[in-house]
Amino acid sequence: MPVEYQRMRCGNCGRELKEAPGTPVPERQPCPECGSTVRRAEIGISSTITARSMLSFKARRAERGRPFAEGKVGDDLHRKSGRWFRLERIIDRARGCYREIVSDRRTGEVIHHIEEPLSKHIGHGAARRSTGESAMATSNFGIQPIRR
Ligand SMILES: [Zn+2]
């Protein structure tokens, strides 16, 4: 965790002192306020919590039946590199197209982009199987799904 600031204070009266943290007692200047050589260090630490999310969806015209569109949009951990990517995968049966975009979450750099007729994907598994998970497992990019 990154240290945001370090501040030395007089341990007796609390006055802020311009003294390097860790200065040995004999080298300390007595506090100009009260003369004490007792010190108290204040350290501020910041940390970042990042939320990851993955949304799966299936769109159907009727309650039953094959979804005409399905996909996944969200964050995906690339196991090999340990990097987080943004994944967008849409199997659009209504329009007959398949789209998969993988980009670096931090830089926005597109790493992998496929946009092609769905018919090309028959045999890869993505078009045949109904879940995003199996589509992901057979992706050319080699992203493995996170199983929960
Ligand atoms: Zn003092």
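This is a short tour of a predicted model, stop by stop.

**Before you start.** Numbering runs from 1 along each chain as its sequence is written. Because the model is predicted, local features need pLDDT of at least 70 and side-chain atom pairs count only at pLDDT 80 or more, while totals for chains, interfaces and linings use all residues.

**The whole chain.** You will find 1 helix and 8 strands. Helices (H or I, at least four residues) and strands (E, at least two) are DSSP runs, numbered from the N terminus. In sequence order the pattern is β-β-β-β-β-β-β-β-α. Of the 148 residues, 13% are buried. Buried means that 20 or more other C-beta atoms lie within 10 Å of the residue's own; exposed means 12 or fewer; partly exposed is in between, with C-beta atoms placed from the backbone.

**Strand β5.** Now select residues 69-78, which form strand β5. Strands pair if DSSP finds at least two bridges between them. Pick Ser 56 and look across to Lys 72 in β5, which stands opposite.

**The β5-β6 hairpin.** β5 pairs with β6 in the antiparallel sense, over 10 bridges. Here Leu 77 stands opposite Trp 84 in β6. Zoom in on the turn. The hairpin has 4 residues between its strands, and Gly 82 in the turn has a positive phi of about 75 degrees.

**Asp 75.** Stay in β5 and select Asp 75. Is Asp 75 buried, exposed or partly exposed? Asp 75 is partly exposed, because 16 other C-beta atoms lie within 10 Å. Leaving aside neighbours within four places in sequence, show the residues in contact with Asp 75: Arg 52, Ser 53, Met 54, Trp 84, Arg 86 and Arg 105. Contact means C-beta atoms, placed from the backbone, within 7 Å.

**Strands β7 and β8.** Move to residues 97-104, strand β7, and residues 110-117, strand β8. They pair in the antiparallel sense over 7 bridges. Select Glu 100; the bridge partner in β8 is Ile 114. The hairpin of β7 and β8 has 5 residues between the strands, and Gly 108 takes a positive phi near 80 degrees. Last stop: of the 8 residues of β8, the number buried is 0, so β8 lies largely in the open.

Technical notes: Two residues are in contact if their C-beta atoms, placed from the backbone, lie within 7 Å.
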